[in-house]
Amino acid sequence: MEELSKELLELIQNESGLKINDAHLEFMRHYVESRLKELNITEKDYNALILSDTNEKKSLINEAAINETYFFREEQQFDFIKQNYIEKKDKNSIITLWSAACSTGEEALSLYTLASSCGIKPIVYATDIDTKALEVFKKGYYSLHSFRSDGKKYIPLLESIGDYYNNTLKLRQPIENLHIQEFNLVSNVQLPMQEGTVDIIFLRNVFIYFDAETRHKIILKLSSALKKNGLLFLSINEVAGVECADDIPLIKEHSGTIYYFRKVSLKEKKEKKKPKVNIPPIQFEDKDRTENKTDKKIVRESFKTIKPVKKTYQKEQIILSKQSSPDLKKLVKDVNVYIDNNNTSKALELVENYHFRPENLEYRFYLEGLIALEDEKENIAEDFFQRASFVNPKFWPALFQLALAQHRSNNIKSSVASFKSCAMVLKEYIKGHKDDYNFLMESFSSTYFLQLCERYINIGQDS
């Protein structure tokens, strides 16, 4: 089985709204192959099983969802809602909160304990499409992976609902007014709460998986749950790329660098003159993904770029950290267009005719590596990605592509080593709030690619 069938990809999108990123296709293929072996059935039989067996369908959808969360993630947003919303409510009043893609529960518990610490009684709805993640939530055990330096100052609040044993937080059950349930944001089923009753909704690091039509449908649904002047928070990295259409009663507002949507009437929205908001460049990553192409090429990854150069490589001392020029960004965009249209000769011509400055040489090797992949010259592609990473050891997109190419060539040991190197560089990149390579990432966050690295490492180690 070299690639997922069109039927399975369509089923995943129709059922969940999720568009599968090219890099993620390999995981899905690996999962389906494993199920075929376990069940001893053909792919055709598996497709039929998915349509008839609800549990099998849920397992497939669970695998398509990537969950990355931790307590009090994006601490600035918690600072904002504490100071500007929760603390302004009367003591002992009630606040209704909805973590609309709660995963394993860290976000919902963060909202719950923050409100409680301010003397406000929280009612929290925690929903997700991933039933496996919800089961983890219900068990209530959290390891060190759920705790980061981001959000650290609020961690003591969790002691109000749990106890620590051997670096593990165990929730005390039950937690009053915490409602955990499966909910599909793109389905037509009834909301888990009454319309117009929610004060604050968090839906973060999710929109990168949806196209524009699905995003519109989801935001419309979320707005119906909010009470007047209720707030919707997306990830700090997503909000810049999201606008609400005229039929959605939400307006974008901000306080400093914290952006959110507020529920208003459509009349008020129409009357309110909306100057264009210039959002300062935020040093994280995500914009919303407006389109995702599912290629027959599993390895052609989400950040599209350029490829091989036919020159003798020479080691040079180069600047390792810099922003790319607008011309380089245009080159990347143009090369991607030609790659998408299978015109690799024209793509390579653009690369060879572009004047790369010494501090940008890794981009040439990287782009030529992508072109080589399109031409199914994996060995040449690996060589160029390796050159790019030699030129700039911090250039994690090349390390990621190298690891993928090695994985595709079934060189598992080298692939795992490269993914580990990429993960190490990515962690530093994320920790430093870098955005040097965002234009290569097709609107996916660097955290997303770190998750992919970790998944590939697990796949390789299990092989």
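Reader: What makes helix α1 and helix α3 roughly parallel?
Author: Helix α1 (residues 6–16) and helix α3 (residues 43–52) pack at an angle of about 20°, with axes 10 Å apart. Angles under 35 degrees count as roughly parallel, over 145 as roughly antiparallel, 65 to 115 as roughly perpendicular and the rest as oblique, so α1 is roughly parallel to α3. The axes are lines fitted to C-alpha atoms over the stretch in contact, with angles from 0 to 180 degrees between N-to-C directions. Helices themselves are DSSP runs (H or I, at least four residues), numbered from the N terminus. This is a predicted model: local features need pLDDT of at least 70, side-chain atom pairs count only at pLDDT 80 or more, and totals for chains, interfaces and linings use all residues. Residues are numbered from 1 along each chain as its sequence is written, and side-chain values use heavy atoms, leaving out hydrogens and water.

Reader: Which residues of α1 and α3 meet?
Author: Glu7, Leu8 and Leu11 of α1 touch Tyr46, Asn47, Ile50 and Leu51 of α3, where contact means heavy atoms within 4.5 Å. That set splits into five nonpolar, one polar and one charged; Ala, Val, Leu, Ile, Met, Phe, Trp, Tyr, Cys and Pro count as nonpolar, Asp, Glu, Lys and Arg as charged, and the others, Gly among them, as polar.

Reader: Why is α14 called largely enclosed?
Author: Buried means under 20% relative accessible area, exposed over 50%, partly exposed in between (1.4 Å probe, protein chains only). In α14, 12 of the 13 residues are buried, so the rest of the structure largely encloses this helix. Among them are Trp396, Phe400, Gln401 and His407.

Reader: How do you know that the span of α14 agrees with its number of residues?
Author: The expected span is 1.5 Å times one less than the number of residues. For the 13 residues of α14 that gives 18 Å, and the end C-alpha atoms are 18 Å apart, so the two agree.

Reader: And what about α14 and α16, parallel or antiparallel?
Author: Their axes come within 12 Å and cross at roughly 30°, so α14 and α16 are roughly parallel to each other. Trp396, Phe400, Leu404 and His407 of α14 make the contact with Ser446, Phe449, Leu452, Cys453, Tyr456 and Ile459 of α16. Those residues divide into eight nonpolar, two polar and no charged.

Reader: What covers the buried residues of α15?
Author: The cover includes α14 (396–408) and α16 (446–462). Ile412, Phe419, Leu426 and Tyr429 are among the buried residues of α15.

Conventions:
Helices (H or I, at least four residues) and strands (E, at least two) are DSSP runs, numbered from the N terminus.
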